[in-house]
Amino acid sequence: MNENADKTSQRMYELEVRQAELEMQNWHLQEWQRRLEQHEDELALLSRIGAVAVDSPNALEATAAILVPAIADVVMIDLLEAGSMERVVSLFADPAKQQTLVGKMKRVYAQPGWKTVQAKVIESNESMLLPELPDVLREVAHDDAHANVVRAVGIRSMMILPLTVRGRAFGALTLATAESERRYSPASFQFAENVAVRIATTIDNGRLLADIKRAVAARDALLAVVSHDLRNSINVIQLKAYLMSQRSEPQIREDGGFIRRRAGDMERLIQDLLDVSIIDAGQVRLERGRHSAVGIVRKAFDALEFQAAQKALKLRIEVPAEEKLDVNCDPDRIQQVLSNLIGNAVKCVPRTGSIRVRVVPQADDVCFAVTDTGPGIVESDLPHIFDRFWSTSRNGKNGIGLGLSIAKGLVETHGGRIWVESHVGSGSTFFFTLPRAVTAQES
């Protein structure tokens, strides 16, 4: 009898141990699930911060609204500008506090001979965690009036983190809990540091973008003034050169023609610079319409025929058998693209070489291809061929590397794409596509 009781007792003990093990495993599983969900929430919050448009005038307010009340009941952002601190954001989860306490916090914000805790964090470039109210009052409040404001806000716990870019702290992010009665822990402190990095990057990117916009605006204004004055001078030069080219003396006539050609080069350079400016600003104005792809190619050919004849180059057009092949485009701009591509080919192809332009219909597009028998492009140059101010060795000293960049901008503005295929010694082919014009029957 005793032996059976002992066995039963042993069995009960083993079951209890197993039950405890199962409960512990279940607790671990629940804890891992909780941490996984928290990690996913944190990643989602960081992603939302990263998605804030840096060029928005309310970028910081939008960022603070993501944090409240997700991880804080109060968010403040202080920035250091020209040696002085400015609180640019104060956001409360409680609307009543937002109305009544923002002004009070600013009045106690800066006092003579006293540094705010945010200023200390910026100066040291080290984060600060204040998990309990006494710590907050001791570190933050500089007198009884300030302490009363902190109590009115209801702050329970606080984190202050420097906003740092390239090793320099230029601001501080303050996160505080109040009515939620949450307490910040080392784990939440570690996540808050990631948040501060994202916010600092947002601010820095916004500043860089603003600087770029100012620089582009200044450049465009300068180009507009300079191009106007230069064109006036070029017009006078061209007029004088034209009169020289009409003289009977051979040398004067030849000099006049030479001056006219060089003045034309200068005028095209000015137009290229203006085109780059317009493309950068996204302000290319297109007079779109239904136009013959073959007709556009023929006009571009006609414009360069004399230049090609001087090098005894063979120009050839290959077009499809169908008579009607229309594209939706601004014909002047596409002729400019073709002139750049064909003109580059004329420059690089040696005497008696050839240039071939094909027009190939596709399902929704029309593909244009300009093939030359030039020296080709080295493989290392191919990724940069459409970069601004890039000039491959095949072009020698011709141009300043804007033509292909402008061609790319104009094609992409039309909704097409442009690319190049080339091998050294086998020539090059530049391709670009344009949307095919749809007939009434097709639509």
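1. Trp419 counts as partly exposed because its relative accessibility is 21% (buried means under 20% relative accessible area, exposed over 50%, partly exposed in between, with a 1.4 Å probe and protein chains only). The charged end of Arg417 sits over the ring of Trp419, 3.9 Å from the ring centre; this requires NZ of Lys or CZ of Arg within 6 Å of the ring centre and within 35 degrees of the ring normal.

2. The model is predicted, with local features needing pLDDT of at least 70 and side-chain atom pairs counting only at pLDDT 80 or more, while totals for chains, interfaces and linings use all residues. Residues are numbered from 1 along each chain as its sequence is written, and side-chain values use heavy atoms, leaving out hydrogens and water.

3. The structure holds 3 aromatic pairs. Rings of Phe, Tyr and Trp (its six-membered ring) pair if their centres lie within 6.5 Å; planes under 30 degrees apart count as stacked, over 60 as edge-to-face and the rest as tilted.

4. One of these pairs joins Phe368 and Phe432, which is stacked because the planes stand at 5°, with the centres 4.7 Å apart. Phe368 belongs to strand S10 (residues 365-372) and Phe432 to strand S12 (residues 428-435), so that distant parts of the chain, 64 residues apart, are linked (strands are DSSP runs of E, at least two residues, numbered from the N terminus). Phe368 is buried at 0% relative accessible area, and Phe432 is buried at 0%.

5. Trp419 and Phe431 form a stacked pair, 5.1 Å centre to centre with 10° between the planes. Trp419 lies in strand S11 (residues 418-422) and Phe431 in strand S12, so the pair ties together parts 12 residues apart in sequence. Phe431 counts as buried, at 12% relative accessibility.

How values were computed:
Helices (H or I, at least four residues) and strands (E, at least two) are DSSP runs, numbered from the N terminus.
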